[in-house]
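Open the model in your viewer and keep the selection tool ready. We will go from stop to stop.

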Amino acid sequence: HCIIYCDGQQSAEVTNANFGTWGTKALQSWSFTVARPNGTAGRTISVSARIWALYGPSSYASGATASGSASIPARQYLKPNPPKSFAASRVSDVQMKLTWQGDYTGMDGDRPWSGIYVDRRTDDGDWQNVANLSWDAVNYTDNSTGANHKYEYRICAYGPGGNSDHVEAAALYTTPAAPASVAVSRVSGTSVRVSADVSTAPYAESYEVQSNLNSGGWEAVDTVEMFPITDDAGGGTAVYRVRSVIGSLRSAWTESDPVTTIVPPLAPSVTVAGGASVVPTGTSLVVTWVPNHPDGSAQEAAKVVLMAGASVVGTYTVEGSATSYDLGVISTAGSYRVRVQTKGADPDWGAWGAWVSVTVAVPPSVHFSVPP
C-alpha cells in the first residue's frame, strides 16, 4: 500500500501492489497544486510518502516513510491600476452619483483586482470608507448626504498586491443654509447699512440681496460676496432679505426687521377754488392739497403762499395734519397764484408745489329798462 502527502494534501491510497521477491516498482505518481506566496519571500513545503505491507486481513506492518521538501518561490503581485474617468455628481441634497471605468490591464497577470474602496470626506474632515464594492463595479450611489455640506469622494482598487493609487473627483456642495440673521440700520437720509450673519453657510459663494419699500414688492439690490453693504433704500419703510448662493443652489430667504428712512416731502398736489379757473369777486378762496411724503411720515405742518400778480399777498402756516386752508374773501379782481409746501418727520421743509392760478373777476350786472 502507498499514500503520498504534500502540503496538507494526500493522494489516493494505492493497494495490493505486488512487488515480487526483491522487486522494484513505481507504485504511483501524483501532481499537487500548492499556493504560491505573494510578496518577496518564498516558502518551503514538506513532501512525504508512506508504504506498508499487508500481512493479513487486519494486520499491517509499520511500513516505511520517505520525506523531503520543496521550495516554492514567491509570486510578487503588483498593486492594481487605479480606476479611471472618475466623476461625482449631485442628484439631490441627499443623493450623490459616482461613476468610473476600470483599468483591467494585468487583471489576469500580476495586477489582479479584488474590489473597489469608496471613501468620502465631509467638510474637509478625515476620509471615511463608505463602500467596499466588487472588482467589476463601475458606479455607486451615496444616499447618506445632507444639505449645507461639502463632500469629496475618492476611490481605489485593491488586490493581492495592495491598494492602487486613489483617484479623486471634484468637490460637491449641497444647498447652503439661509443666513442666521439680517440687520438694517439707517445711515443718513435714505442710505442704509445692510448686515447679515452668514456663518451658517460656510461654503456659500455669494449672497443675493433684495429690498421691499413701502410694501411695493421685492426688488433686486445686488449680489455680494461679503457684508455689510450700503444701499439707497428710498424714502419710507424698507425691509431687506438675503439668501445664500452656491452655483445654481439657493437657500431660503432671511428677512430683516423694517427700517424707516426719513426724507423731506416731495411737492404736493394743489387745488384752488375747487379747480375753477375763474371765480367772482367776493368769493372765499379755499386751497387744498395732497401731501407727498415718500418716507410715510405724517404731515406736521404746511405753508401756503398767495400772490396777486407779482406781489405776495400773504404767507400762511398751517400746523398739524390739515390739508386745506381758507384764504378768505377776495374782493379785488385780478390774477392770483397759490402754492403749497409741507413738512413731515424730516427737519427740512419739502419741495414747493407748482403754482396754481385763479382769476377773480367782477361779475357782470344786468339792468332792464322798461319804456314809459
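Predicted model: local features only at pLDDT ≥ 70, side-chain atom pairs only at ≥ 80, totals over all residues.

Residues are numbered from 1 along each chain as its sequence is written, and side-chain values use heavy atoms, with hydrogens and water left out.

**Stop 1: the core.** Select Phe86, Leu98, Trp100, Ile116, Val118, Leu133 and Tyr153. Of the 20 residues in the largest nonpolar core, these touch the most other members. Such a core is a set of buried Ala, Val, Leu, Ile, Met, Phe, Trp, Tyr and Cys residues joined through side-chain atoms within 4.5 Å. Buried means under 20% relative accessible area, exposed over 50%, partly exposed in between (1.4 Å probe, protein chains only).

Which strand gives the largest share of this core? Strand 12 does, with 4 residues.

**Stop 2: Ile116.** Show its contacts (heavy atoms within 4.5 Å). Leaving out residues up to four places away in sequence, Ile116 touches, among others, Trp100, Leu133, Trp135 and Ile155.

**Stop 3: Trp135.** Trp135 sits in the loop between strand 10 and strand 11 (139-142). Strands are DSSP runs of E, at least two residues, numbered from the N terminus. Trp135 counts as partly exposed because its relative accessibility is 36%.

**Stop 4: Glu152.** Select Glu152, in strand 12 (residues 150-159). Is Glu152 buried or exposed? Glu152 is buried, because its relative accessible area is 11%. Beyond four places in sequence, Glu152 touches Asp119, Arg120, Arg121, Asp124, Trp127 and Ala171.
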